[in-house]
Amino acid sequence: MILLIIFLFLLLLYITNDIWKKRQNRVIELHDFNVQNTLAIRGLLALLIALHHFSQAVDHLNLPIIREFVPLGAVIVGVFFFLTGYGLMISYMKKGNNYLSNFLSHRFLKLLPAFIITNIAYLCILSLISHTNAFSNIMRLKDGITPLPGSWFIYSIIYFYLAFYVTACLFSNKKHMIISLWGASFLYVIIVRLLGWGNYWFMSIYALNIGQCYAYNEKRIKSIIKTSPIIIHYSIWSLFALYVFVWITNQFVEITTFNRLYYCFTSIFVVYAIYFLGAIPSKLLRLVGEVSYEFYLVHGIFIHLLGFMKEHWILYLCTIYLSSFITAWLLHKLCKLISH
């Protein structure tokens, strides 16, 4: 977690300097928080979640810096969930009921083909190389262990797509809809706990709701930033101070509930950075961002299948990234053909 603390501190210092320069010129212009400006962020998140899972696979090697990514999975997934929740709500607010007319077919057509193909391919590979029974792998889902490594978030997204659609149909008032979506999240957490599944199934889930709340209030927040940037900026620094407090406290006593909340609020720093700094100027990250969903799906396969390379960890990591990127692009192209 120390890596996250250092990164956020340096980011806020840079933005503080940027704000003072803009205030001297009496100009506060904010970049848009949209798909194009978050594309590189999505690519970075995909690379980071792969690094997180890689760090777990080589944890026994006790590698400096790499081991710092072991506890960061919930933070990374939290940002992804925030972007998902934000995207759903902002699209609905712009398009209204037209957005709901083909919502489920459109969303699931994007989500399911790559998911189904990857699951089938992985189960076939396991059957061939380790003679593992595919049905027994599927049945492990009742214990919260997904057939495809790390794919639990797909099941969560399916649940929240359905919850979003149902609440949008039931409540025309956006505030009532948002409140009911919080209720859907609480219900989700209760169900997962009753089933006895791992904490990773719900640690970042409230970031979806935070993303939806942020989308609903974005115009108001941007207006405040433009007119009173210092007030918002001090609020962001206060949030960072809370992060540091929680991190220091957790060195002595674990604050489980607080942990889940600040995992979710990491996304606020991402929004704030894009407002002032714009998109990350990296063509590579944008390329990965275009196939980030497919990258999420396949990287766990290569972490598992290439496990014999663990002792040569640099080669292992590079091979995971290269194999995942190529496979993600091929899968992305295939699914585009299927959807058309």
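## Helix packing and selected residues in a predicted model

Met139 has its place in helix H6, which covers residues 134-139. The model described here is a predicted one, and within it Met139 is partly exposed, with a relative accessible area of 37%. Between Met139 and Gln212 there are 73 residues of sequence separation, and their C-alpha atoms are 34 Å apart in space. Gln212 itself belongs to the residues of H9 that meet H8, and the packing of H9 is taken up next.

### Helix pairs

Two packed helices are described by the angle between their axes and the distance between the axes.

| Helix pair | Crossing angle | Axis distance |
|---|---|---|
| H3 (residues 73-95) and H9 (residues 206-227) | roughly 40° | within 7 Å |
| H8 and H9 | about 170° | 9 Å |
| H2 (residues 35-57) and H3 | roughly 150° | within 9 Å |

For helix H3 and helix H9, the axes come within 7 Å and cross at roughly 40°, which makes H3 oblique to H9. The crossing of H3 and H9 is right-handed. On the H3 side the contact is made by Gly78, Phe81, Phe82, Thr84, Gly85, Tyr86, Leu88, Met89, Ile90 and Met93, while H9 contributes Ala207, Leu208, Ile210, Gly211, Gln212, Tyr214, Ala215, Tyr216 and Glu218. Sorted by class, this contact of H3 with H9 holds 13 nonpolar, five polar and one charged residues.

Helix H9 also packs with H8, at an angle of about 170° and with the axes 9 Å apart. Because angles over 145 degrees count as roughly antiparallel, H8 and H9 are roughly antiparallel to each other. From H8, the residues Lys174, Lys175, Ile178, Leu181, Trp182, Ser185, Phe186 and Val189 meet Tyr206, Asn209, Ile210, Gln212, Cys213 and Tyr216 of H9. By class, the contact of H8 with H9 is made up of nine nonpolar, three polar and two charged residues.

In the pair formed by H2 and H3, the axes come within 9 Å and cross at roughly 150°, and H2 and H3 are therefore roughly antiparallel to each other. The crossing of H2 and H3 is left-handed. Thr38, Ile41, Arg42, Leu45, Leu48, Ile49 and His52 make the contact from H2, and Gly73, Ile76, Val77, Val79, Phe80 and Leu83 make it from H3. The classes found in the contact of H2 with H3 are nine nonpolar, three polar and one charged residues.

Ile65 is exposed, with a relative accessible area of 57%.

### Helix H7 and its buried residues

Helix H7 (residues 152-170) has 19 residues and reaches 28 Å from its first C-alpha to its last, which is close to the 27 Å expected at 1.5 Å a residue. The buried residues of H7 are Trp152, Phe153, Ile154, Ser156, Ile157, Phe160, Tyr161, Ala163, Phe164, Thr167 and Ala168. These buried residues of H7 pack against H3, helix H4 (98-101), helix H5 (103-130), helix H8 (174-195), H9 and helix H13 (292-305).

Ile154, which lies in helix H7, is buried, with a relative accessible area of 0%. Leaving aside neighbours within four places in sequence, Ile154 is in contact with Leu111, Phe115, Tyr293 and Leu297.

### Trp247 in helix H10

Trp247 lies in helix H10 (residues 229-249) and is partly exposed, with a relative accessible area of 24%. When residues up to four places away in sequence are not counted, Trp247 touches Met1, Ile2 and Ile5. Trp247 and Tyr122 are 125 residues apart in sequence, and from C-alpha to C-alpha they are 38 Å apart in space.

Technical notes
Residues numbered from 1 in each chain as written. Predicted model: local features only at pLDDT ≥ 70, side-chain atom pairs only at ≥ 80, totals over all residues. Heavy atoms only, no water. Axes fitted to C-alpha atoms, helices over the stretch in contact; angles between N-to-C directions. Helix = DSSP H or I, 4+ residues; strand = E, 2+ residues; numbered from the N terminus. Parallel < 35°, antiparallel > 145°, perpendicular 65-115°, else oblique. Left-handed = near helix turned anticlockwise from the far one by under 90°. Contact = heavy atoms within 4.5 Å. Nonpolar A, V, L, I, M, F, W, Y, C, P; charged D, E, K, R; others polar. Buried < 20%, exposed > 50% of the residue type's maximum accessible area, 1.4 Å probe, protein only. Expected span 1.5 Å × (residues − 1).
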